[in-house]
Amino acid sequence: MTGPTNLYKKTIHVKNSWARHCNIVLYMSSTTNETFPTIGLDVKEGWDQLYWKTIRAFQYIYKNYLDKADWFLKADDDTYIVVENLRWMLSNYTSDQPVYFGKRFKPFAKQGFMSGGAGYVLSREAVKRFVDAFRTGDCTHTTHLEDVGLGQCMDKIGVIAGDSRDTQARETFHPLSPESHLTTHFDPGFWYSKYCFYPLVEGPHCCSDLAISFHYVDPELMHSLEYFVYHLRAFGYKHRYQPPLPEAAGRLPVH
């Protein structure tokens with residue numbers, strides 16, 4: 001997700017860092033830019049238009065890319081994704097399951113909703129159901145809060161809010177910057193403390209060793225994370241880290 005004014009301020013740094021590790025990358029905007037390139041979705045720009053942009057983006061994917069991938073990730077232009085860790089987490093599931101994953105928050109929807117800033121990933125079946133729901137009227141544009149609106153629609157159409165934590169119950173999707181999660185003490189009255197679906201963990205144990213995403217990542221940090229993730233190594237330390245996957249059974253509620 002991006003916009004015309006962000007292409008060479010933010011989005012170019014996504015393009016030159018983590019997006020290179022994806023199978024397919026689509027830059028969704030309000031207008032088409034054939035040079036960058038971006039896909040124009042015929043929506044207005046603005047925070048209050050994000051849900052419309054999300055709806056139109058998945059409709060575009062449904063029409064043009066549904067058979068070209070198993071999983072579909074939505075990320076903002078200030079979100080950093082470790083794509084290989086996302087694949088690891090998803091490898092225990094199949095794309096015909098109606099499920100989506102992200103940083104799970106607990107208000108506003110029966111099963112909670114996934115933070116838009118941290119990014120969320122839908123199975124192919126979830127995309128099908130989401131787009132079909134707007135065609136049938138089962139879901140409508142009811143709020144400008146993109147992530148809340150999507151979560152409320154998922155409730156209605158039987159798409160499960162999956163548990164993306166690792167085997168040690170550490171989060172993999174993060175709606176704030178790395179330093180915020182690693183060093184901040186969150187007041188119990190702060191929105192983040194109140195929204196977290198799972199118990200909030202602060203400090204170095206906040207985040208999985210196979211973390212997937214961080215939000216509020218500026219261009220400088222985007223490239224720093226790319227170096228730390230893919231190049232920096234400690235000599236003589238574990239070269240390959242491949243812990244067991246959490247058991248898929250039991251991590252999805254039975255409907």
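Predicted model: local features only at pLDDT ≥ 70, side-chain atom pairs only at ≥ 80, totals over all residues.
1. Asp 42 is found in the loop that runs between strand E2 and helix H2. Its phi is near 55 degrees, which is a positive value in a residue that is not glycine. For background, most residues other than glycine have a negative phi.

2. Another loop, the one between strand E1 (28-29) and strand E2 (39-40), holds Pro 37. The peptide bond leading from Phe 36 to Pro 37 is cis, and its omega is near 0 degrees. In general, most peptide bonds are trans.

3. Next come the helix pairs. Two packed helices are described by the angle between their axes and by the distance between those axes. For helix H1 (residues 7-15) and helix H8, the axes come within 9 Å and cross at roughly 10 degrees. Angles under 35 degrees count as roughly parallel, so H1 is roughly parallel to H8. On the H1 side the residues that meet H8 are Lys 9, His 13 and Val 14, and their partners in H8 are Pro 219, Met 222 and His 223. Sorted by class, this contact has three nonpolar residues, two polar and one charged.

4. How do helix H2 (residues 50-64) and helix H4 (residues 124-136) pack, and at what angle? The angle is about 115 degrees, and the axes are 10 Å apart. The range from 65 to 115 degrees counts as roughly perpendicular, which means that H2 is roughly perpendicular to H4. The crossing of these two helices is left-handed. H2 brings Tyr 51, Ile 55, Phe 58, Gln 59 and Tyr 62 to the contact, while H4 brings Val 127, Lys 128, Phe 130, Val 131, Asp 132, Phe 134 and Arg 135. By class, the contact of H2 with H4 consists of eight nonpolar residues, one polar and three charged.

5. Which residues lie nearest the centre of the largest pocket? They are Asn 85, Asp 209, Phe 228, Val 229 and Arg 233, out of a lining of 27 residues. The volume of this pocket is about 1,300 Å³. Helix H3 (83-90), helix H6 (178-183) and helix H8 (219-230) are the elements that each give two or more residues to the lining. The largest share, four residues, is from H8. H8 is also the helix that H1 packs against at roughly 10 degrees.

6. Searching the whole structure turns up two cavities of 30 Å³ or more. The largest cavity contains about 50 Å³ of space. Its lining is made of Trp 88, Met 89, Asn 92, Tyr 93, Asp 163, Ser 164, Arg 165, Asp 166, Pro 246 and Arg 251. Four of these lining residues are nonpolar, two are polar and four are charged.

7. The second largest cavity has about 40 Å³ of space. Around it are Tyr 51, Cys 139, Thr 140, Thr 142, Gly 149, Gln 152, Cys 153 and Lys 156. Helix H5 (residues 146-157) supplies the largest share of this lining, four residues. By class there are three nonpolar, four polar and one charged.

Notes
Residues numbered from 1 in each chain as written. Heavy atoms only, no water. Axes fitted to C-alpha atoms, helices over the stretch in contact; angles between N-to-C directions. Parallel < 35°, antiparallel > 145°, perpendicular 65-115°, else oblique. Left-handed = near helix turned anticlockwise from the far one by under 90°. Contact = heavy atoms within 4.5 Å. Nonpolar A, V, L, I, M, F, W, Y, C, P; charged D, E, K, R; others polar. 1 Å grid on protein atoms, 1.4 Å probe; cavity = no way out; pocket = protein on both sides within 12 Å on 5 of 7 lines; lining within 4 Å. Points joined across faces, edges and corners; volume = space filled by probe spheres on them.
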